[in-house]
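Okay, thanks for having me. Let me put the thing on the screen and then walk you through what I looked at.

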Amino acid sequence: MRHANDLASPTTGQPDASRPGASLNETVRPGASRPGASLNQTVRPGASQPGAWLDETMLAADPVTQFSRWLADASAVPLPEPTAMVLATISGEGWPRARTVLLKSYDSGGFTFYTNRSSRKATDLAAVPRACLLFPWHAMHRQVIIEGTVTALSTRQSEPYFRSRPRGSQLGAWASRQSSVLGSRDELDECYERLADQWPEGTPVPMPDFWGGYRVVPVTVEFWQGRANRLHDRFRYRRHGGQWVVERLAP
């Protein structure tokens, strides 16, 4: 299992020492300088940015290896949060819904994230166990789009990651019944304080039974590289007969 923060260098295969910038929990200064040009601007072939074009000879044989290379590139830029991904689900009533979550690990078996099992995303996945993931690396003129089936991880599989989280995040998982209606912010803060008293510093915080991981098992993986004149390079890996078939798509 490759963890999202243990990125492999695309050339050496060794852990990449570079770390992404501000996390989603940190403040990002408005107007901070950003690498690369807007997706609406012309990208010059051969411009000094990672992968100004993409062709078949650059692709790995399987999409997980290719994803690992691109994630390492995104971390080396660095982007503010390269493991942030848009998770799109479908409710039992057929409503499409999307939100941003963090990729926590990935391997040939799939891409893993964690959440409250009473959240809207979790109830959607219980009703329709399929999802789409989008990694929007705009500053690099790159996107990765993953479509697949979803399986819930067991308590045993989820606990190691929960134990690795900061104590505040562990308490937050108990305090927030995600997506439920709150009467006020005070209600949430007071619940957190009660839990902090219940499990004081140095006391293990157990994993809630309403919290755990999900694995998206890819059926298709698309790698999108921005090009001039909106004639972008798009390659889709598609499962066929137990193997991956790679197809170039029109932009």
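**A walk through the model**

Let's begin at P78, whose place is in the loop between helix 1 and strand 2. Helices here are DSSP runs of H or I with at least four residues, strands are runs of E with at least two, and both are numbered from the N terminus. The bond joining V77 and P78 is a cis peptide, with omega about -10°.

Ground rules: this is a predicted model, so local features need pLDDT of at least 70, side-chain atom pairs count only at pLDDT 80 or more, and totals for chains, interfaces and linings use all residues. Residues are numbered from 1 along each chain as its sequence is written, and side-chain values use heavy atoms, with hydrogens and water left out.

On confidence, pLDDT is the predictor's confidence in each residue, from 0 to 100. The mean for the protein chain is 85, and 80% of its residues reach 70 or more. Over residues 7–48, though, the pLDDT is below 50, and that stretch has 66 contacts in the model beyond near neighbours in sequence. Contact means heavy atoms within 4.5 Å.

Now helix 1. Buried means under 20% relative accessible area, exposed over 50%, and partly exposed in between, with a 1.4 Å probe and protein chains only. Among the buried ones are F67, W70 and L71. At the start of helix 1, a side-chain oxygen of D62 comes to within 3.1 Å of the backbone nitrogen of V64.

That takes us to the core. By nonpolar core I mean buried Ala, Val, Leu, Ile, Met, Phe, Trp, Tyr and Cys residues joined through side-chain atoms within 4.5 Å. The largest one has 33 residues, and F67, F135, W137 and V144 touch the most other members. Helix 1 gives the largest share of this core, 5 residues.

Over to strand 8, residues 211–225, where Y214 is found. Is Y214 buried or exposed? Buried, with a relative accessible area of 6%. The side chains of Y214 and R117 are joined by a polar contact of 3.2 Å. A polar contact is a pair of N or O atoms within 3.5 Å; within protein, one must be able to donate a hydrogen and the other to accept it, and residues adjacent in sequence count only if both atoms are side-chain atoms. Y214 and A122 sit 92 residues apart in sequence, but 8.8 Å apart in space, C-alpha to C-alpha.

Helix 3, residues 155–164, has S158, Y161 and F162 as its buried residues. They're on the same side of helix 3, because they cover an arc of only 105° around the axis, taking directions from the helix axis to the C-beta atoms. R156, R163 and S164 are exposed on the other side of helix 3. Strand 5, helix 4 and strand 8 are included in what covers the buried residues.

S179 isn't a glycine, yet has a positive phi of about 80°. R230, in the loop between strand 8 and strand 9, is also not a glycine and has a positive phi of about 60°.
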